[in-house]
Amino acid sequence: MTSVAFIGLGHMGAPMAANLVKAGLTVRVFDLVPQAMKSLTGLGAISSNSACGAAAGADVVITMLPAGKHVRSLYLGDDTSKGLIDVVAKGCLLIDCSTIDAMSAQLVAKSAAEKGLDFVDAPVSGGTAGAAAGTLTFICGGTDKAFEQAKTVLGNMGANILHAGGAGAGQVAKICNNMLLSVLMVGTSESLQMGIDHGLDPKVLSEIMKVSSGGNWTLDKYNPCPDVMPNVPSSNDYQGGFMVDLMVKDLGLSQEAALQSNSSTPMGALARSLYVNHARQGNGTRDFSSIFEQFTNSQQIKDKG
Ligand code: NAD
């Protein structure tokens, strides 16, 4: 039976680890916040006192952490503590599912390879709902051999396991996707509001655009205008879903990547500025479709003036 160490049990990591336990794998868990381990141990996971303690002896290590600095220090260690690559067993497969910069993923992959270990970057798409339902999309970077191995364990947590290319390619593909998503969300929001300002019903306009050349994922699955669609954050005061702060983080990563490759990303740069502004107005913890209010508010201000 495969034994997995799962480190980082936040909004995403906890439900992902729960699906591994439900699939019958032996799962050792660790989070810096002891409380985060409680719900997992209740399901049958084994708690550990440290990340290295969880990882020692595991067949597979999976991490789900906030940012690149956390991933680098956990895998590579520092002056005071050993890294995961120093303590795992020979043949252990390392999989990081966090969304981080590609350079950090490549650095960890290279350091792991120097110790004879395979590392796969496997950021996810699908949010907390996808994590709970086990329907995430994993976007992987790594060797063919490591990807094939990773696919088996990731299949317990996701519906689509995709191979983008070598080390770091999963992270690049993930931020390309999120940059496009942000642009689609902003464009859909401003188009819907312009229609409303001209007296159109946003439900009717959405149906028209869905089957016309402006059709896109946000109209199909995640309409940003309140009360157009049931069961989406816009119809629940923009609660739940994918936080504005996380979109700001991903758009920052996209612009760092654009600088490194000298790519021209004017729409991504503008989307980042709009989302940063939105976060600074106190919307950081709301769903990213709340960017719609940037356009409704400007109309209300015009009406008052
Ligand atoms: P989170 O902040 O809820 O969870 C992160 C967890 O990591 C926390 O519980 C924290 O205590 C733990 N942690 C940090 N450093 C650690 C260490 N050294 N050892 C052990 N535990 C440590 O974040 P999240 O929402 O679960 O997101 C995790 C990653 O997934 C991020 O990179 C995020 O961008 C990405 N992501 C999130 C979503 C989403 O909808 N939340 C969707 C897709 C991708």
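Reply: Let's start with a term: a polar contact is a pair of N or O atoms within 3.5 Å; within protein, one must be able to donate a hydrogen and the other to accept it, and residues adjacent in sequence count only if both atoms are side-chain atoms. Keep in mind that this is a predicted model, where local features need pLDDT of at least 70, side-chain atom pairs count only at pLDDT 80 or more, and totals for chains, interfaces and linings use all residues. Numbering runs from 1 along each chain as its sequence is written, and side-chain values use heavy atoms, with hydrogens and water left out.

The protein chain splits into domain 1 (3–165) and domain 2 (172–304), with bounds from an automatic or database domain assignment. Their centres, taken over C-alpha atoms, sit 30 Å apart. Domain 1 puts 13 residues into the contact and domain 2 puts in ten, contact meaning heavy atoms within 4.5 Å.

Together the two domains bury about 780 Å², with 64% of that on carbon and sulfur atoms; buried area is the accessible area (1.4 Å probe) that two parts lose on being put together, summed over both. On the domain 1 side, T99, M103 and I139 lose the most area to domain 2, together 44% of what that side buries.

As for polar links, the rule finds three residue pairs in polar contact across the interface of domain 1 and domain 2 (both at pLDDT 80 or more). Salt bridges there number zero, counting a side-chain nitrogen of Lys or Arg within 4 Å of a carboxyl oxygen of Asp or Glu.
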